[in-house]
Amino acid sequence: MRDLFVRFMEWILPSACLDFLEMRSVFARSEKGKFVKLYRPYRIYDTSVGDYSYIARNALVDHTTIGKFCSIGPNFLSGKGLHPTAAVSTAPMFYSTARQNGLTLVSENKFKEVKRVTIGNDVFIGANVFVRDGVKIGDGAIVAAGAVVVKDVPPYAIVGGVPAKILRMRMSDEQIEKMLKIRWWDFDEDRLPIVSRHFDDLDGFIRANEGFV
């Protein structure tokens with residue numbers, strides 16, 4: 001019955017859509033906080049997702065720490081491994097014991113293939129974004145759709161492009177400094193409504209919370 005269904009879907013859908021339907025959701029060696037939403041399908045491994053965050057469909061995420069209140073768009077790729085660029089070859093069989101192609105010629109790893117990705121709190125990542133191993137994205141940052149992030153992103157920066165570059169900052173240096181001290185994402189649940197009350201009044205929000213720092 002399943003074979004019949006697949007043949008039917010092959011007839012009415014392009015191959016990319018069929019691949020999407022065939023992909024199973026996996027959440028392994030990972031943890032998530034409260035009010036976290038993961039939209040199927042996804043493959044998430046060795047990753048932590050903070051409270052109140054969501055990840056849209058078709059995410060492939062490994063070795064990544066994601067903070068609270070993050071909004072991550074579809075087709076997100078993060079922590080998928082590194083290849084050497086200054087060696088004789090980029091093929092893993094010459095430096096890795098993982099047998100990516102089914103064969104290895106080494107008995108020990110010669111290159112560090114995995115470096116953890118760190119994504120801060122209140123980060124918005126648009127659709128079709130790739131984040132390179134070892135990158136740190138600061139609190140409050142925005143990553144534009146289609147960006148390839150290969151370098152660290154400062155807090156409250158807006159980045160985009162291939163490779164991603166800073167387009168502008170979300171707020172002034174003084175405001176950023178104060179927001180990083182306030183750390184509203186660590187508020188107790190009963191204090192969170194103040195974010196809504198001052199949603200479009202940044203300076204008012206800072207004044208209302210400076211006394212708690």
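Leu103 is partly exposed because its relative accessibility is 40%, and partly exposed covers the range between buried, under 20% relative accessible area, and exposed, over 50%, with a 1.4 Å probe and protein chains only. This is a predicted model, in which local features need pLDDT of at least 70 and side-chain atom pairs count only at pLDDT 80 or more, while totals for chains, interfaces and linings use all residues. Residues are numbered from 1 along each chain as its sequence is written, and side-chain values use heavy atoms, with hydrogens and water left out.

Leu103 sits in the loop between strand 8 (77-78) and strand 9 (117-119); strands here are DSSP runs of E, at least two residues, numbered from the N terminus.

Now the core. A nonpolar core is a set of buried Ala, Val, Leu, Ile, Met, Phe, Trp, Tyr and Cys residues joined through side-chain atoms within 4.5 Å. The largest one has 28 residues, and Phe76, Ile119, Ile125, Ile137 and Val149 touch the most other members. Strand 4, strand 6 (59-66), strand 9 and strand 15 (157-160) each give two or more residues to this core. Another core, of 13 residues, lies apart from it and includes Tyr156, Ile176, Ile182 and Phe187.

Beyond four places in sequence, Ile125 is in contact with Ser71, Ile72, Gly73, Phe76, Ile119, Ile137 and Val143, contact being heavy atoms within 4.5 Å.

Last, Ser48, in strand 4 (residues 42-49). Ser48 counts as buried because its relative accessibility is 16%. Not counting residues up to four places away in sequence, Ser48 touches Glu31, Thr64, Thr65, Ile66 and Arg116.

Technical notes
Helix = DSSP H or I, 4+ residues; strand = E, 2+ residues; numbered from the N terminus.
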